[in-house]
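Subject: Structure for you to look at

Hello,

Here is the structure I promised. Please open it first, then read my notes below with the chain in view.

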Amino acid sequence: MTQTVPAQARRVPRIRLGMVGGGQGAFIGAVHRIAARIDDQYELVAGCFSSTPEKSAASAAELGVGRAYGDFAQMAMREARRKDGIEAVAIVTPNHLHAPVARAFLKRGIHVICDKPLTATLPEARKLAGAAADSDALFVLTHNYTGYPMVRQARAMTLAGELGEIRLVQVEYAQDWLAEPIEQAGNKQAGWRTDPAQSGAGGAIGDIGTHAFNLAGFVTGLELEALAADLQSFVPGRAVDDNGHVLLRYRGGARGMLWCSQVASGCENALRLRVYGSRAGIEWAQEEPNALWVTPLGRPRYRLSRGGAGTGLEAARLTRIPAGHPEGYLEGFANIYAEAARAILARRDGAVPDPAATFPGIREGLEGVAFVDACLRSSKRNGAWVALAL
């Protein structure tokens, strides 16, 4: 027997998604596609996946995408004219293309979901921020670590005052995948990340230092006042930094240290945050993402687990499976897409977005590029204290 599903019970149509970049051989494009699929709220229908029409078409065929473009400007124009055109676009290109691609879609009212950093240079970031302000479209920046449930738990506890007055912030992001000059051997990912023309002048500081900076600010809510940076290029012949140490002065008196490195032998993806207040401290590590350690002053250290006892609504709303079943990188990335979907669907319906939906946007992107710019200026002046030029 066949039954008809009532119209009010049918699912909301998926968000029609496009993608620029992320073709054959790309890493982050595949991550974005998986993240968009996990909660089944997007459908990838169009893309300009590579810099040539032939490569773009080949990638589209592999992915089962019906509309392939060889030029992002053409894609933005044509999709905006279609009744079934894309509602949002994911930008997963090298950094130097983020700004022109985003502007092309924002101009036509298409929501933008952009990989970090926002742009390759600070002037580009300011210009893009202006374009986003002039557009009715949403701008989402995929600082994916802000989507982890226990990062949301840490933020909730910190902003609720459970740690007391914040005094110290320690954040580090260490990898070893660039410990050797693999860009000289043709490694595609290393090639563009170590090319200032594509990545921007910042190397590790732009690629992973921005993640560390954003994570610290997201959890603590602190605003950076000034920094002093010492950047290095340890691998001979490398044109950008591959290691950096940064002292941080926050408004209100808190102090911090940030270390990022892509030449730390033995480190895989060691992003770690520690925050200490007048009453307690917290510690979170990306390689053990389902745990948050709490260190109350004068009492034993204890562990909160994702989905476990003692966690709040902020973490629970981004948790998919019961405690003890690990969630990590892809689920955290998917949470950013899910939060963006809630805002996009509200816009589609002319409704007010859920205030609980939280994702990084143009402001966080501008701050990240300003952070890289300040680190470069400071390091060139032998570690002088400088302010962010927002």
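**What I found**

Start with residues 15-139. This span is 43% helix and 21% strand, and its end C-alpha atoms lie 15 Å apart. Bear in mind that the model is predicted. UniProt, in an unreviewed entry, annotates residues 15-139 as "domain: Gfo/Idh/MocA-like oxidoreductase N-terminal".

The unreviewed UniProt entry gives residues 151-282 the annotation "domain: GFO/IDH/MocA-like oxidoreductase". Here the chain is 27% helix and 33% strand. The end C-alpha atoms of this stretch are 10 Å apart.

Now the domain division. Domain 1 runs over 11-137. Domain 2 is made of two pieces, 149-318 and 361-380. Taken over C-alpha atoms, the centres of the two domains are separated by 27 Å. Domain 1 brings 19 residues to the contact, and domain 2 brings 18.

How much area is buried between domain 1 and domain 2? About 1,400 Å², with carbon and sulfur atoms giving 67% of it.

Next, the polar side of the story. Between domain 1 and domain 2, six residue pairs are in polar contact. The side of domain 1 that touches domain 2 has eleven nonpolar, six polar and two charged residues. One salt bridge is found across the interface.

Side chains of opposite charge can pair when their charged atoms come close. Find P117 in the loop between β5 (111-114) and α5 (122-134).

Go to D40. This residue sits in the loop between α1 (28-38) and β2 (42-48). Phi of D40 is near 60°, a positive value in a residue other than glycine.

Then look at E87 and R16. Counting salt bridges by the rule gives 20. In one of them, the side chains of E87 and R16 meet at 3.7 Å, N to O. Why does this pair tie together parts that are 71 residues apart in sequence? Because E87 lies in the loop between α3 (72-81) and β4 (88-92), while R16 belongs to strand β1 (residues 15-21).

That is the tour. Have a look and send me your questions.

Best wishes

Note on methods:
Residues numbered from 1 in each chain as written. Predicted model: local features only at pLDDT ≥ 70, side-chain atom pairs only at ≥ 80, totals over all residues. Heavy atoms only, no water. Domains from an automatic or database assignment. Contact = heavy atoms within 4.5 Å. Buried area = accessible area lost by both parts, 1.4 Å probe. Salt bridge = Lys/Arg side-chain N within 4 Å of Asp/Glu carboxyl O. Polar contact = N/O pair within 3.5 Å; in protein donor to acceptor, adjacent residues only side chain to side chain. Nonpolar A, V, L, I, M, F, W, Y, C, P; charged D, E, K, R; others polar. UniProt positions renumbered as here; feature names shortened; annotations may be inferred. Helix = DSSP H or I, 4+ residues; strand = E, 2+ residues; numbered from the N terminus.
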